Structure formats: structure tokens, C-alpha cells
Amino acid sequence: MYFVSSSRNYMMRDSDYNINQVMTQYSKNVLLMHGVAMNRGVLSDDFTVYIKKEDSCMLIEQIAKTFPDLNKAATLSLTVQAILKGESPQKIILNGLLPGFNEVAKRYEKKDHLYPDIYKASYILKEAFEKIKHQIDAMETKPGVKGAIGVVYGDTKDRGKNFVNMLLETKGFEVKDLGKSVPAEDFLQAVLEGADFIGISIETEKGVEEAKKVVQTIKDAGVRDHVKIIVGGAGVNAKKTTEIIEADGYAEYAENMVEFLKLLFRTPKA
């Protein structure tokens, strides 16, 4: 089956593309928190709920069930209802939107959805995220959150890392710049010195394996549970983040890194 892109003058055969690459490429400006982050329970439920729990859960379940049908109006309506009823953005994303998005991918693999449906699902996810983005922007983070950021060993391009570092500092995070071509041991040392998070910039395919070594080194030292690990850069995507590196999250853009950290280290409501 061929799909003629409405925005490009060429034809694409769906068998030529990996579904995870498509999901990553077209989920622009969407905070991607997959696999490991969800399984580890990185985002706790210490938020204030202003409605009955069963009603709240029902809305979230409806989002997850409606999304795979690619009903944009219904999905966005349910998302807005959840926001108005006081649901936390992280629960809407992790328990509603992302499970629904993942179901679209499963249906595609079973041939129940066609290639253009992946595009549609990505844009629905983006618009739904925009509905709740202001809540994340308004979140306050816990005081004293600090971290370290560096380009993985062997990679030397650091423009993206420098921009992320600057952005994090303007948002109030205390960040240690580890530089470029950083050995795994230096990332570990930052954790041992008390870093709450580390950001790993990956620019090449080889860098993915080096980032995997960083995570394993931290595991071997027995401090994996003490730190959140977020990766980004031209050499990595959401699938590699979870299946190979086993990081806590993937930030496609610098702004995503800020949003992710706000979710992870938000100030609990009184």
C-alpha cells in the first residue's frame, strides 16, 4: 500500500518505515514518556483530586479507549473534561493518551490501521497535549533540584547540549555541565555527588551503546533508583530510549526536557 503525503511530493510505502520511527518523528512537541518511565512509576499520584475517584478514572479510561478509534473531537473533549475536573497532566498523559496511542500502533501492526492513521494519531496526540501543556508550564518544582548534563562518550557535537543547559538554568534548575565525550564514570560521579537527574546527549548510533553503558554503570554502583535519566539528541529516539538504553525518558526538544523535569520534580499540592 502506498500513501501520498499531502505535504510532500513523493510517495511512501508503509513497509519501508518502522512504526516506532514514525511515531517519534511525527509526534512533534509531544512529551514522550514511554516504557521504563511508566513501568518504574516515575510519576507518583500525590496530586489533589477534586472529584470522585471513580469518575476521574472513568474519564481517563475513556480517553484510552476512544483514542485508538481516531475520533479527534471525542478525544480532545475528554481531555478537556479531565483537565476541568482537576486531573493531573501526568495521569492524563500516562494513563490515557499514551496507552491509546500505543494501541493505534498495535492495530497498525495487525493491519487493522493503515499507515496514514499513524499520522492522524500523532496529530491528535499533539493537539491533546497542547490542551494540557499550560498546566505543566504552571507547575512549580521542588526547591534545590540539581542535575548534570553531558554529551555521551565519543560524541563531540554539543550545540544541543549547550542550549538545553542554558534553558534549564533559566528555569531555575542547578545544572553541572559535564562537557562533551563524557565517560560513563563521570556521569556516575555526578550521581554520587547528589545529582537528582542526568541528561545524556546522544548524536550518533555509537552513542546509543555508550549511553547504555552509562545506565549500566549507575546500576552496578547501586544508585540507579537515586537518579532520573533523560536522553535526547539526533542519535536517539523513543524506542531506543526504552528498549536499549533503559532511561527514564526521551526529550525530543529542549523544551521537552524542562517539561519532563517539571513533572518528575513537581511540588505536591497541599
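Phe67 touches Thr75, Leu97, Gly100, Phe101, Val104, Ala121, Ile124 and Leu125, leaving aside residues up to four places away in sequence; a contact here means heavy atoms within 4.5 Å. This is a predicted model, where local features need pLDDT of at least 70, side-chain atom pairs count only at pLDDT 80 or more, and totals for chains, interfaces and linings use all residues. Residues are numbered from 1 along each chain as its sequence is written, and side-chain values use heavy atoms, with hydrogens and water left out.

**Nonpolar cores**

- The largest nonpolar core has 29 residues, and Phe67, Ile92 and Leu97 have the most contacts inside it.
- α3 (53-66), α4 (72-84), α5 (89-109) and α6 (115-138) each give two or more residues to this core, and α6 gives the most, with 10.
- Apart from it lies another core of 26 residues, among them Ala148, Val152, Val191 and Tyr250.
- Such a core is a set of buried Ala, Val, Leu, Ile, Met, Phe, Trp, Tyr and Cys residues joined through side-chain atoms within 4.5 Å, with buried meaning under 20% relative accessible area (1.4 Å probe, protein chains only).

**The sheet**

- Five strands make an open, parallel sheet in the order β4-β3-β5-β6-β7; strands pair if DSSP finds at least two bridges between them.
- Helices (H or I, at least four residues) and strands (E, at least two) are DSSP runs, numbered from the N terminus.
- β4 (174-182) and β7 (249-250) are at the edges with a single partner strand each, so one side of each has no neighbour in the sheet.
- β5 (197-201) and β6 (228-232) pair over five bridges, and Ile200 sits opposite Val231 in β6.

Terms used. Buried means under 20% relative accessible area, exposed over 50%, partly exposed in between (1.4 Å probe, protein chains only).
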